[in-house]
Amino acid sequence: MDDKTKAARLAVHDALRQHGFERLAPVSSVPFYIGTLDRYGLRIPITIEVNDLDFVSYPRICIQPGFVMPDRTLPHLLGVDRSVCYYSKGSVILDRYNPGGTMLQCLEQAEIVLRNAIRGRSDRDFVDEFQAYWSNVFIYVDVAESYSGPARIRPARLNRGEFNALVVTAGRSWFAAEPRRKRREEEDGTPVEVVAIDYPLTFAATEAWPPTTVAEINRWLQKAAPDLIGRLESILQTQSGVSAAVLIRAPNGLYCYQVEVPQHLQRPEFLKSRRHRLPEMMERQLVSTPIERLIGVRADADYLFGRNLGSMNGLVDKRILLIGCGTIGSFLAHQLAQRGAGAKRGYLSLVDPDVLTTGNIGRHLLGVPYLGRNKAEACASYLNEQLPLLAIEGYAGDVRTQKLDWHRYDLVIGATGEEALSIALNEIAVQARPRLPPHLFVWLLGNGAVAQCILTGEVDRACFKCLKPDLAGLPRFRAMRPETVVETVTNVACGDAAYVPFPVSRSVAAAAMACDLVVDWANGNPGHRFRSLTLDNRRAFRVPNGSPTKLNHCPACGG
C-alpha cells in the first residue's frame, strides 16, 4: 500500500470515528464500519464499505438487519441487504482528494434520503424507480415504439450458441437465427398483448409488493391501470398455447407480466374443448398460479440506430452502394451500418475485387480470421454477424463489371482511394445524370495528412474531376505543402502494388467525415458538399469546406 492510499484511508477513518463509527475489518482489508445515521432522531444503524478510494464507485451504505423497518415499502432502498441508493450512479462526482470530507458528504446525503423515505416524504419517487421494484429479469422488445396489439414472446439467441434471451416481436425479429427472408410460424412462442398507456406506473408504499400471482396483479391494476384488468385471462381463453403475457408501454418504462397454465391443466383435450374456463379453473386452485415479471428493453431498429442521433434521422430505409472495402471503406461500412443502413426496407451493398492480406490488418476493420477472403464479402459477413437485422451483401470483383442496378440505390459511395477508378466512376455518374443517384467520393492525401470527400450529382455543382481537371496539374484546392514528399513503399513482389503508409487513425477519420456527410444528406441538408480535414499540419494546409461549382473546362462535366 503506497503512502497516498494510506493517507486516504486514515482520513476516511478519522472522519468516520469523529461521527461515532467503529471499524470492524482489519486495517489491511477493505474499510468496513458500523454506526448510526440520524443519531438524534430515527437512529438508523448502518454499515458502510469504502472499497474505492477514487470514489468512482460510491461507498456502500446498508441498513443493519436489526433495525425494525416501517410496515411499508421504502423508496431508494434496494435488495435484501437493504442498501441505500443515496446518489444515482454518475449523478455526483465525489472528490478523491478530500476523502474525509467526501465520506461525511455521503453520510449526510444518505441520512437525508433515509429520513425522507421513512417519513413518507419521497413516495412519489417510486415512479422514477419503478423498474427496480418490478423485476431484475429483462426481455427485449423488437416492435415499433408506436405499436399496440398482438405479438409473441419468442426465444432468441444473441450469439452463435444456444437460445439465451427472450424477445417480443410482432413478426420476424433480428434476434432470430433464420435467414432474413425465411418466415416463422405465426403460432410459436407465448402470445402477448402490447398495450400503451399515457401515465406512469407506480404503487402505493402501503400495499403488498411485489405481486406474485394473477390475483395480486389484478389487485394492483385496480389502482394502477384498471383498463388492463382481465387482459391476461382473455389471452388465455382466446389464444393457443399454455402461456400468456401482457406488455405495458408506460412513460416510465416497459413492463411485462406472464403466466403459464399449471401442468395439470395442460391436457390437450381440456385446452381444446374447455379453454374458455382456464382462468376460472386456475382461480379455484388451492395454490395460486405464479406470474413472472420482466422489464422490457427496446431493441427495435428505430431505437438502436436513432437513439444516438437526437432529432436527426439515421440511415434506416436507405439503399446504399459502397465501392471499396479497404482501409477507408471497411470502417465506413461499419459506421453506415451502425447508423441503420440496411435496416427495414433499406440495404447496403459492398463491392471490392481484392482479398484481405496480412499487410491490410494494421489499418482495416477486419482481422486475422478473415485473411484470404474477399474484402467485400468478409465485411458483409462480419457486419451481418454483429448486426443481423440489416440487409448487407458483399460482391467480389470490379464494380464496373458487376450486374448491379445502380438506379435502385439512393446513394453510391466510392471509397477505393484509387484516383483512376474514382475518375472512371465519376464519368459514369456524370454521363447518366440525373438518372443515377448522387455519388460521394472519399480519399486520403499524402501519408494520411488530409482526408477529403465530395458529394456530387447536382448539375451546377462540381463533380469529382472538377477538383483536378488536369491530371498532371495542381488540384483546385491545394492541400499539400510544396515541400512535402510523399513516402511510398514498393513491395518485392511484382503483383503486389506499392502502397502509401499511414496510421489507421487517418482511415477512421476519413470514414467518419464521409459518414457525417452521408447523414447530413439523409436529413435533406448536405451543407458543405466538399469537406477537407487536415490531420498533419506539418505536411498540409487547412482547406476550407464548401460547395464548389462545376468548372467549364472540366473534361467530365464542363462545357
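Biologist: Which residues of H9 meet H12?
Modeller: This is a predicted model, to start with. From H9, Phe331, Leu332, Gln335 and Leu336 make the contact. On the H12 side they meet Val504, Ser507, Val508, Ala511, Ala512, Ala514, Cys515 and Val518.

Biologist: And by class, what has that contact got?
Modeller: Ten nonpolar residues, two polar and no charged ones, for H9 with H12.

Biologist: What's the angle between H9 and H12, and how far apart are the axes?
Modeller: About 40 degrees, with the axes 8 Å apart. H9 covers residues 329–338 and H12 covers residues 504–522. Angles under 35 degrees would count as roughly parallel, so H9 and H12 are oblique to each other.

Biologist: Is the crossing of H9 and H12 left-handed or right-handed?
Modeller: Right-handed.

Biologist: Now H9 and H10. At what angle do they cross?
Modeller: Roughly 30 degrees, and the axes of H9 and H10 come within 11 Å. H10 is residues 375–386. That angle makes H9 roughly parallel to H10.

Biologist: Which residues make the contact there?
Modeller: H9 gives Ser330, Ala333, His334 and Ala337. H10 gives Cys379, Tyr382 and Leu383. By class, the contact of H9 with H10 has five nonpolar, two polar and no charged residues. H9 passes H10 in a right-handed crossing.

Biologist: Switching to H1 and H2. How do their axes cross?
Modeller: At roughly 45 degrees, coming within 7 Å. H1 runs over residues 3–18 and H2 over residues 99–118. H1 is therefore oblique to H2. The crossing of H1 and H2 is right-handed.

Biologist: Who makes the contact?
Modeller: Ala8, Ala11, Val12, Ala15 and Leu16 from H1. Their partners in H2 are Pro99, Gly100, Met103, Leu104 and Leu107. The contact of H1 with H2 counts nine nonpolar residues, one polar and no charged.

Biologist: OK, cavities. How many of 30 Å³ or more?
Modeller: Two. The largest cavity holds about 50 Å³ of space.

Biologist: Which residues line the largest cavity?
Modeller: Asn426, Ala429, Val430, Arg433, Leu436, Pro437, Pro438, His439, Thr456, Gly457 and Cys463.

Biologist: Which helix gives the largest share of that lining?
Modeller: H11, residues 419–431, with three residues.

Biologist: How does the lining divide by class?
Modeller: Six nonpolar, four polar and one charged residue line the largest cavity.

Terms used
Residues numbered from 1 in each chain as written. Predicted model: local features only at pLDDT ≥ 70, side-chain atom pairs only at ≥ 80, totals over all residues. Heavy atoms only, no water. 1 Å grid on protein atoms, 1.4 Å probe; cavity = no way out; pocket = protein on both sides within 12 Å on 5 of 7 lines; lining within 4 Å. Points joined across faces, edges and corners; volume = space filled by probe spheres on them. Helix = DSSP H or I, 4+ residues; strand = E, 2+ residues; numbered from the N terminus. Nonpolar A, V, L, I, M, F, W, Y, C, P; charged D, E, K, R; others polar. Axes fitted to C-alpha atoms, helices over the stretch in contact; angles between N-to-C directions. Parallel < 35°, antiparallel > 145°, perpendicular 65-115°, else oblique. Left-handed = near helix turned anticlockwise from the far one by under 90°. Contact = heavy atoms within 4.5 Å.
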